[in-house]
Amino acid sequence: MAPLEAPLRCLAVRVVLDEAGEIDGLELEAFLNDCVGRHQWLSTTEWLFVEPPVEAGGELTVPVVVLETVAVKAVLNDLTNKPPRILFDHATSPSETRKWRWIAFQTAPNAQGQGRFPWECTHA
């Protein structure tokens, strides 16, 4: 039997564009580290598993997965931003969680053929 995954939430985070009209990855990383915490999140630049949420009102967003317990902290921290950057969140389904695990494998593979989420890795 596969081990139970910790519950995850997928946040729709509004992005800032750079001068070239591309997602400003450095700004997004700084925002997420400040709002969520270093090594507490994983993001992709595309909505690979579901459509961007209609609740985002057409804003350009990226999906960011975090532990459910961390999502509460992130949303509370984001309440100080005007306008807020976290526009929507949802619980990941088991299928989505497996897909996020595959994304984690792209950056942090382990010998068991699974990826490590950033919060599962040991950092100095």
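## Val66 and its contacts

Val66 touches Pro7, Leu8, Arg9, Leu11, Val36, Gln40, Trp41, Ala71 and Trp119, leaving out residues up to four places away in sequence. Contact here means heavy atoms within 4.5 Å.

This is a predicted model: local features need pLDDT of at least 70, side-chain atom pairs count only at pLDDT 80 or more, and totals for chains, interfaces and linings use all residues. Residues are numbered from 1 along each chain as its sequence is written, and side-chain values use heavy atoms, with hydrogens and water left out.

## The nonpolar core

The largest nonpolar core has 28 residues. Such a core is a set of buried Ala, Val, Leu, Ile, Met, Phe, Trp, Tyr and Cys residues joined through side-chain atoms within 4.5 Å. Buried means under 20% relative accessible area, exposed over 50%, and partly exposed in between (1.4 Å probe, protein chains only). Leu11, Val13, Leu32, Val36, Val64 and Val66 touch the most other members. β1, α1, β3, α2 and α3 each give two or more residues to this core. Helices (H or I, at least four residues) and strands (E, at least two) are DSSP runs, numbered from the N terminus.

## Strand β1

Leu8, Cys10, Ala12 and Arg14 point one way. Arg9, Leu11 and Val13 point the other way.

Two strands pair if DSSP finds at least two bridges between them. β1 pairs with β3 (residues 61-67) in the antiparallel sense over 7 bridges. Leu8 stands opposite Leu67 there. β1 also pairs with β4 (residues 86-91), again antiparallel, over 5 bridges. Phe88 in β4 is the bridge partner of Ala12.

## Helix α2

Helix α2 (residues 68-78) buries Val70, Ala71, Ala74 and Asp78. Seen down the axis, these fall within an arc of 105°, so they line one face of the helix. The arc is that of the directions from the helix axis to the C-beta atoms. They pack against β1, α1 (25-35), β3 and β4. Exposed Thr69, Val72 and Leu76 sit on the face turned away from the buried side.

## Helix α3

The buried residues of α3 (residues 94-107) are Glu96, Thr97, Trp100, Arg101, Ile103 and Ala104. They cover an arc of only 155° around the axis, which puts them on the same side of α3. Their cover includes β1, β2 (42-43), β3 and β4. The face turned away from the buried side carries exposed Pro94, Arg98 and Trp102.

Notes: The expected span of a helix is 1.5 Å times one less than its number of residues.
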